[in-house]
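Subject: Structure for your files

Hello,

Here is the structure I said I would pass on. Please open it alongside this message.

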Amino acid sequence: MKQLSTYRDADLTQKWVKAIASITTQTWNIMEVCGGQTHSIIKYGIDQLIPETIDLIHGPGCPVCVTPIAYIDKALAIAEQTDVIFCSFGDMLRVPGSANDLLNLKAQGADIRVVYSPMDAISLAQLNPHRQIVFFAVGFETTVPTTALAVYKAQQLRLPNFSLLSCHVRVPPVVSKLFNSPNNRVQGLLGAGHVSSVMGYHEYLPIASQYRIPIVITGFEPVDILQGLFFCIKQLENGQYEVENQYRRVVKLEGNLTAQQLMQKVFVTVDREWRGLGKITGGGLALNGNFSEWDAEQRFNTTSNIFKESSICKIGDILQGLIKPPQCPEFGNRCTPEHPVGATMVSSEGACAAYFRYRSTY
Amino acid sequence: MCLAVPGQIISLQDHLDPLLRCGLVNFLGIRKEISLAYVPEAKINDYVIVHAGFALAVLDEQEAQASLQVHQEYTDFEAVS
């Protein structure tokens, strides 16, 4: 397929590398917000191709990583009940809770299933009318429309045995929080392409002008990322702080209005705790009152847990870009993808997992 | 998590409720039924960006072409020098 091969083309990649070198005159710290972009950067070695004066800071855009431990514990409490089939995306299974993880619970006999789409959980609910089917809804605005439609369909079908454990999170509030921090080092931002395909990018306009930080909505292929970096560095060198859209073949200013409409019908914005980052104002989505019948938190008792975070994982520093994964003393020692201490080593989008997988030397 | 992959629509199944419209999408040989709820404008042969069983956007061919022209504009050093 031409679209894909063009954006992975080696000659074009080299041309953009040269173009970036030709306009860079000083040190710039640029954050890519999305874990998918972090993965591409480390996989293709983009950080090693560009001038050393450009520091790429890996952002908090890994929903698996930022799902608070309280919700992992809630998931475990629901999944261990005998009448429950607990459905989740695969990369949540190994995220450590206070005392266990979903994969281990599955090995102990719980009925936990990995699904490709929330709609698979709806099918399971239809096929298993005597079991409770619970879907663990994690993810940014890219994923929210998919769970919104699952809840909509559950309502249409009057499915009494389906419910949602909703821990969806939103990108713009966390970007504001990072920029507002006294520790902030970020001077330019690559915005998350697929989140913006749903939400558009108008929410970034006031953020860019308030903090005087250029934001470039960027895709995921190597040429996309280099082009996004080029636009961002060009603005930084010229003292500009606009919102630009590199990923125009997918993202429009207004986003996907049909998806936004259903999201607004099903979910409501709430404050949410992010793992490693604390409470983010407006940083999460919960089912709105009209859909509370399908809210797993109301259907199951999950309130009595005492949460215990690992004392050695430096996830907060990693997610804010204050340190790079190899700077954590446990990286590659006590913490590996096989035995993850923290969530950033579990997910394929976690910065620690990307460095462990693609870097033989650190 | 926000991973989304492009595929081409090869057939459509319309539904009375537009939110339940589906299509068969070809991902480099792997065919899968995908919800087209959020791309009401999508037609057969369009490329769509798919995440967790849902098409979230139709790939804009004109914009893809335009961004190739951007490549030429900014990276054609050899031709200029």
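Below is what was found in it, starting with the contact between the chains. Please keep in mind that this is a predicted model.

Interface. On chain B, 30 residues are in contact with 40 residues of chain A. Strand 4 (47-51), strand 5 (54-58) and helix 1 (61-75) of chain B are the elements that each give two or more residues to the side of chain B touching chain A. Helix 1 of chain B gives the most, with eight residues. By type, that side of chain B divides into 22 nonpolar, six polar and two charged residues.

Helix 14 of chain A. This helix covers residues 257-266, and Ala259(A), Met263(A) and Val266(A) in it are buried. Viewed down the axis of helix 14 of chain A, the buried residues fall within an arc of 70 degrees, so they line one face of the helix. Leu257(A) and Gln264(A), on the other side, are exposed. The cover over the buried residues comes from both chains: it includes helix 9 (144-157), helix 11 (193-199), strand 10 (267-274) and strand 11 (278-287) of chain A, together with strand 5 of chain B.

Core. The largest nonpolar core has 140 residues, and those touching the most other members are Ala75(A), Phe86(A), Val151(A), Val48(B) and Ala55(B). Helix 13 (residues 222-237) of chain A gives the most to this core, with nine residues. Leaving aside residues up to four places away in sequence, Phe86(A) touches Ala75(A), Ile78(A), Ala79(A), Ala110(A), Asp111(A), Ile112(A), Val134(A) and Phe136(A).

Regards

Definitions and conventions:
Residues are numbered from 1 along each chain as its sequence is written. Chains are lettered from A and ligands numbered from 1 in the order in which they are written. This is a predicted model: local features need pLDDT of at least 70, side-chain atom pairs count only at pLDDT 80 or more; totals for chains, interfaces and linings use all residues. Two residues are in contact if their C-beta atoms, placed from the backbone, lie within 7 Å. Helices (H or I, at least four residues) and strands (E, at least two) are DSSP runs, numbered from the N terminus. Ala, Val, Leu, Ile, Met, Phe, Trp, Tyr, Cys and Pro count as nonpolar, Asp, Glu, Lys and Arg as charged, and the others, Gly among them, as polar. A residue is buried if 20 or more other C-beta atoms lie within 10 Å of its own, exposed if 12 or fewer, and partly exposed in between; C-beta atoms are placed from the backbone. The arc is that of the directions from the helix axis to the C-beta atoms. A nonpolar core is a set of buried Ala, Val, Leu, Ile, Met, Phe, Trp, Tyr and Cys residues joined through C-beta atoms within 7 Å.
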